[in-house]
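Visitor: I'd like a close look at a single part of this one. Could you pick a helix and walk me through how it sits against its surroundings?

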Amino acid sequence: MRIRDVMMHFNVSEETARRDIKQLEHDGLVVRVHGGAVATQQPKLLDISSRTISEPAGKSAIAGIAVDLLKPGQNVFMGGGSTVLSLARRISPLPEMRIVTNMVDTAIAAAEGRRHHVVMLGGDFNGDFRTVTGFAALHTLREQQIDIAFIGVNAVHPTQGVFDHEEAGQALAATLSEQARKIIVLADHNKFGLSARYRVLKHSQISTIITDQKPVSDVMAALQSAGAEIVYPQNPS
């Protein structure tokens with residue numbers, strides 16, 4: 001977290017923010033870095049049930065943009081996460097596509113209406129996130145060409161790329177960077193300007209980042225300088 005964010009969030013002076021961060025470092029909870037601090041313990045990501053009900057309007061806005069990128073006959077990968085799930089819930093009326101996913105909820109949503117050919121990857125199951133990862137999932141992905149891949153992330157750093165709290169996301173993203181013609185990141189505005197433990201992709205490996213509102217000017221400028229294309233609602237309601 002940046003010092004200026006600490007000051008704004010807690011309505012304290014810079015001196016107080018720096019003093020408290022210094023104490024947190026003394027207690028072993030953070031490591032001070034230039035301009036702020038980084039947690040020494042990995043944050044626990046909320047389970048999918050909790051995340052689905054968070055920021056529903058933002059997820060809906062992102063899904064509304066993403067669904068327009070789908071075309072009949074495509075081989076589409078949809079990753080884990082509540083924002084990608086919101087997209088999957090919109091595709092039942094669309095012409096037939098092949099949907100590949102590593103998330104149980106997304107497979108169920110994509111199969112609604114029985115129009116699409118849905119492929120559920122095998123692998124190690126995570127009950128909190130209801131996703132599968134591991135060798136079997138990656139092996140299946142390596143055996144096919146993906147036209148377009150939609151993934152969710154935990155953080156969008158202005159210059160370094162997109163990040164995830166879970167290490168498994170790295171291997172999945174690395175495989176998609178080889179097998180997918182396009183990788184689209186779906187991330188609401190709360191993810192911007194942040195970082196997390198594991199970088200999954202650099203901006204140069206991403207075709208587009210879709211979000212629910214325009215990032216603040218300094219973050220937007222940094223993202224564009226890093227080569228990221230940002231798409232957001234032009235006339236938000």
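Guide: Happy to, and bear in mind that this is a predicted model. Take helix α7: its buried residues are covered by a set of elements that includes strands β3 (75-78), β4 (98-101) and β7 (131-133), plus helix α8 (168-179). So who is being covered? The helix itself spans residues 135-142, and A137, L138 and L141 are buried in it. These three take up an arc of only 95° around the axis, which puts them on the same side of α7.

In general, strands of a sheet pair through backbone hydrogen bonds, either parallel or antiparallel.

Strand β13, residues 208-210, runs parallel to β14 and is joined to it by 2 bridges.

One last stop, away from the helix as a topic: a surface patch. V31, V33 and V38 make a nonpolar patch of about 220 Å². Of these, V38 is located in strand β2, residues 36-39. V38 counts as partly exposed because its relative accessibility is 46%. Back at α7, by contrast, A137, L138 and L141 are buried.

Methods: Residues are numbered from 1 along each chain as its sequence is written. This is a predicted model: local features need pLDDT of at least 70, side-chain atom pairs count only at pLDDT 80 or more; totals for chains, interfaces and linings use all residues. Side-chain values use heavy atoms; hydrogens and water are left out. Patches are made of residues with over 30% relative accessible area and no salt bridge: like charges are joined within 9 Å, nonpolar side chains (Val, Leu, Ile, Met, Phe, Trp, Tyr) within 5 Å. Accessible areas come from the Shrake-Rupley method with a 1.4 Å probe; for residues, only the protein chains shown count as cover. A salt bridge is a side-chain nitrogen of Lys or Arg within 4 Å of a carboxyl oxygen of Asp or Glu. Helices (H or I, at least four residues) and strands (E, at least two) are DSSP runs, numbered from the N terminus. Buried means under 20% relative accessible area, exposed over 50%, partly exposed in between (1.4 Å probe, protein chains only). The arc is that of the directions from the helix axis to the C-beta atoms. Contact means heavy atoms within 4.5 Å. Two strands pair if DSSP finds at least two bridges between them.
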